[in-house]
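Please read the following report alongside the sequence and the coordinates.

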Amino acid sequence: MPAHSQTRDSSTEQQTAVYVYGILPADTDIEPGTAGVGDEPGEVRLIRHRDLAAMVSDVRIDKPLGRPEDLTGHEELLDSAARDLPVLPLRFGAVVTDDEAVTSELLQPHYDEFAGALDELDGRTEYVVKGRYDERTLIREVLAENKDAAALSEQVMGRDQDATRDARIQLGEILGNAISAKREEDTRSLGDALAGHVVASAVRPPTHELDAVYTAFLVETSEEPELERALERLARDWEGRVELTLMGPLAAYDFVATIEPGT
Amino acid sequence: MTTAIQSGGGSLSRPQSSGLADVLDTILDKGLVIDAYVRVSLVGIELLTIDARVVIASVDTYLRFAEAVDRLDISQDKEGLPGLVGNMQEGGAKHKTKGALDAAGDKLREFASDGQGERAPRRSRREGN
């Protein structure tokens, strides 16, 4: 591996730096020719220190990072590694000056933490469960349960939007609050439904008004079929009400910062 | 690519790869933060990041929910809802509801295509319901 000696003060020169994807055990190989992130992407490679390795590639520092293909590239590289190995994923955008810095400032001083975290993750991967409410079913449900909302809906339905604006806002607010309450309840139900099959869970904030559930789970690889069956049962229970999606296996993005012994 | 596992009713979908919106949620504010570890050699590379995926209740949100109630109206004849008087006259209320997620996706595509975007070295993300 060529070391990239940087002369950062000569700003006219085209420069590269080292993009770091994550930390993984050293006894692995990257398929040759795997392209990394960035414009004119460098080849993905490993920088090893004892039994740890950083997955890296060179990037130009005069080009911004963050195009859609950079973002998906970052995740795909980590997820594909995580299918076979424990991986500590770094947040998108970690760039250090050179190979030497990866070893001397990242791998070496944090060897114990990284090695310990990789042990914790061994045989475990992340799955993310996302559920989206069916708008119609959800609103029917709320109107059936909430007399105020039902009364307001009769006032506004099919009427001129401007003339009924105040009632609409009031109705929308009741619906919004009711949806938040349902989201909390359904998030709990999801957690209960999977409780026997997961090591840990982390609820993500909703990113859409109609998000029903959005939770990351750390799962023993051997439990995956059970996890899927439990979710299928839940999907049946929620048929027509919540559309469920299971994403994974993924690198343990939601758990690396909070891994503690015994979790 | 989505594989739907049909199992007598509700289906669980298993996408083969994460959509961009999911990727954003996953890698932009999850994962180890390297600047907590590396003090000297972190390179301040410019990041095109997106500050979009926020769910905040607002008057607009409320009005959208109310519009969704209007849309409910047109399907009433089919499924019926006790206690609600169907009023069909303006049933076709504008179908302009657009979720924050989709809007964010559009925005991202836009800046992806012209190479420009919101340039913020740090993503500040407000969260709320």
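Helices (H or I, at least four residues) and strands (E, at least two) are DSSP runs, numbered from the N terminus. On that basis, the secondary structure of chain B comes to four helices and two strands, and these follow one another along the sequence in the pattern β-β-α-α-α-α. The model is a predicted one, in which local features need pLDDT of at least 70 and side-chain atom pairs count only at pLDDT 80 or more, whereas totals for chains, interfaces and linings use all residues. Residues are numbered from 1 along each chain as its sequence is written, while chains are lettered from A and ligands numbered from 1 in the order in which they are written.

**Confidence**

For the complex, the predictor gives an ipTM of 0.74 and a pTM of 0.77. Confidence in each residue is expressed by the predictor as pLDDT, from 0 to 100; chain B has a mean pLDDT of 59, and 34% of its residues reach 70 or more. Where pLDDT is low, the predicted coordinates should not be read in detail.

In chain B, residues 24 or more positions apart account for 60% of the contacts with a separation of 6 or more. A residue is called buried if 20 or more other C-beta atoms lie within 10 Å of its own, exposed if 12 or fewer, and partly exposed in between, with C-beta atoms placed from the backbone; buried residues make up 30% of the 129 residues in chain B.

**Helix packing**

Two packed helices are described by the angle between their axes and the distance between the axes. The axes are lines fitted to C-alpha atoms, for helices over the stretch in contact, and the angles run from 0 to 180 degrees between N-to-C directions.

| Helix pair | Crossing angle | Axis distance |
|---|---|---|
| H1(A) (68-82) and H1(B) (20-27) | about 65° | 10 Å |
| H5(A) (147-156) and H6(A) (165-194) | roughly 145° | within 9 Å |

The contact of H1(A) with H1(B) is made by Pro68(A), Leu71(A), Thr72(A), His74(A) and Glu75(A) on one helix and by Leu20(B), Val23(B), Leu24(B), Thr26(B) and Ile27(B) on the other. These residues divide into six nonpolar, three polar and one charged, where Ala, Val, Leu, Ile, Met, Phe, Trp, Tyr, Cys and Pro count as nonpolar, Asp, Glu, Lys and Arg as charged, and the others, Gly among them, as polar.

For H5(A) and H6(A), the contact residues include Leu152(A) and Val156(A) of H5(A) together with Leu171(A) and Ile174(A) of H6(A), and the contact as a whole divides into seven nonpolar, three polar and two charged residues.

**Buried positions**

In helix H2 (residues 99-107) of chain A, the buried residues are Ala101(A), Val102(A), Leu106(A) and Leu107(A). Seen down the axis of H2(A), these fall within an arc of 150°, so they line one face of the helix; the arc is that of the directions from the helix axis to the C-beta atoms. Their cover includes strands E1 (16-25), E2 (45-49), E3 (52-60) and E5 (95-96) and helix H3 (111-121) of chain A.

Thr16(A), which lies in strand E1 of chain A, counts as buried because it has 20 C-beta neighbours inside 10 Å. Between Thr16(A) and Val59(A) the C-alpha to C-alpha distance is 5.2 Å, with 43 residues separating them in sequence.

Gly31(B) sits in the loop between H1 and helix H2 (59-74) of chain B and is buried, because 27 C-beta neighbours lie inside 10 Å. Leaving aside residues up to four places away in sequence, Gly31(B) touches Pro89(A), Leu90(A), Arg91(A), Tyr253(A) and Val256(A).

**Backbone geometry**

The peptide bond from Gly248(A) to Pro249(A) is cis, with omega near 5°, and Pro249(A) belongs to strand E9 (residues 242-250) of chain A.

Glu40(A), a residue other than glycine, has a positive phi near 45°; Glu40(A) is placed in the loop between E1 and E2 of chain A and is exposed, with 10 other C-beta atoms within 10 Å. Arg50(A) likewise has a positive phi, near 50°, and is found in the loop between E2 and E3 of chain A, where Arg50(A) is exposed, with 11 other C-beta atoms within 10 Å.

Note on methods: Two residues are in contact if their C-beta atoms, placed from the backbone, lie within 7 Å.
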